[in-house]
Amino acid sequence: MAVLILALSAASLLSPDNDFSESERRRLAGFPEFSAETLLNGKFMKEFEDYSLDQFPLRDGFRRIKAIARYDFFRLRDNNGIYIENGSAAEIIYPLNENSVLNAAEKFGEIHDSLLTGSNKIIVSIVPDKGYYLSKANGYPSMDYGQLEKLLTENMPYARYCSIMDTLSINDYYRTDTHWRQESILPAAEKLASCLGFSLSGQYTVSGQYDTSEQYTVNETDADFYGVYYGQSALPLPPDGIRYITDDSISAAVVYNAETGSTGGVYDFEKLHGRDPYEFFLSGAAAVLTIENPAAGNDRELVIFRDSFGSALTPWFIRSCSKITLVDTRYIAPSLLGDYVDFTDCDVLFLYSTLVLNESQVLK
């Protein structure tokens, strides 16, 4: 035991610190600032404990041993709040944070009052997390999704609610990640388009599956996608693959990033083999993106207030709109939006996942 403790201590002292955990998709704690004040008030020791846990030698290996022991030896049902059912990893999200939902509704109300008018058609929709399809049916704690819908819609009387929960299933999400699969969510996209007053012009087959053969092409990528739950669960889960849709409008569309002043395409192939391959869709997180479709044949403009789920959804709408603006108020204060977005006569969609609504302090 003494040799083990000394060896691990020596390895910890001699090994260089890591800034980022690729498996967990987060920054790791660095060595805390030392001073008499931080030592006496306890801040140094608290931050040092976080630092020592994050920089522990062979940390990922030990995390995997722990996870396998919990699942396979002790027969526990989750590790770090992550559970596996039907081959899909999901997070226990419980209970419903009602104050957070009310806070989100208040922030959306401020956007409505300061930026929108009666000329805007306003729709609100909720993207359910994977627990909606897995938790209650498999005996895990489950938030009250009905109460979430009720709280949000009652406090957004200016918006029409468009539910997409019945258009999705657990198979429409990546097995190792929080996000939905773009190629699987056309029924949800069509429902949202219908609520907004336009159609994606697809056809349903007799079997009930959506037929995209005449409208869109589904493409394979060579990326192995290890999602956020792969790292958080610390289990040896097989990777997902990433597919994406294309048509003439998507290929011709120009995406402008207001923050960087750069333009590009709908898909960012350089991101496929980066830290988070999901950033392949619209290059990941951005405060304000504008997508121009020169082949639209109409003057329909759509503004989507969204989180990361909107990145995979939006390409379904490109063929039906001349201009789509994506706004993520996790990265820009609504008071600044007037400098970047013209809301005159445009349709507006508030599309947020239960993950953000239940932790809405991330919204500015």
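Modeller: Aspartate 50 and lysine 46 form a salt bridge, with their closest N and O atoms 3.8 Å apart. The term denotes a side-chain nitrogen of Lys or Arg within 4 Å of a carboxyl oxygen of Asp or Glu. The model is a predicted one, in which local features need pLDDT of at least 70 and side-chain atom pairs count only at pLDDT 80 or more, while totals for chains, interfaces and linings use all residues. Residues are numbered from 1 along each chain as its sequence is written, and side-chain values use heavy atoms, with hydrogens and water left out.

Both partners belong to helix H3, where they are four residues apart, so about one helical turn separates aspartate 50 from lysine 46. Helices (H or I, at least four residues) and strands (E, at least two) are DSSP runs numbered from the N terminus. Aspartate 50 is partly exposed at 34% relative accessibility, whereas lysine 46 is exposed at 55%. Here buried means under 20% relative accessible area, exposed means over 50%, and partly exposed lies in between (1.4 Å probe, protein chains only).

The aromatic residues of this part come next. The whole structure contains 28 aromatic pairs; rings of Phe, Tyr and Trp (its six-membered ring) pair if their centres lie within 6.5 Å, and planes under 30 degrees apart count as stacked, over 60 as edge-to-face and the rest as tilted. One of these pairs joins phenylalanine 31 to phenylalanine 44: the ring centres are 6.0 Å apart and the planes meet at 70°, so the pair is edge-to-face. Phenylalanine 31 lies in the loop between strand E2 (26–27) and helix H2 (36–40), and phenylalanine 44 in helix H3 (residues 43–54), so the pair ties together parts that are 13 residues apart in sequence. Phenylalanine 44 counts as buried because its relative accessibility is 9%.

Phenylalanine 31 also makes an edge-to-face pair with phenylalanine 48, at 6.0 Å centre to centre and with 85° between the planes. Phenylalanine 48 again lies in helix H3 and phenylalanine 31 in the loop between E2 and H2, so this pair ties together parts 17 residues apart in sequence. At 30% relative accessibility, phenylalanine 48 is partly exposed.

These residues also take part in a surface feature.

Aspartate 247 lies in the loop between strand E10 (240–246) and helix H10 (248–252), and arginine 319 in the loop between helix H11 (309–313) and E15, so the bridge ties together parts 72 residues apart in sequence. Aspartate 247 is buried at 8% relative accessible area, while arginine 319 is partly exposed at 26%.
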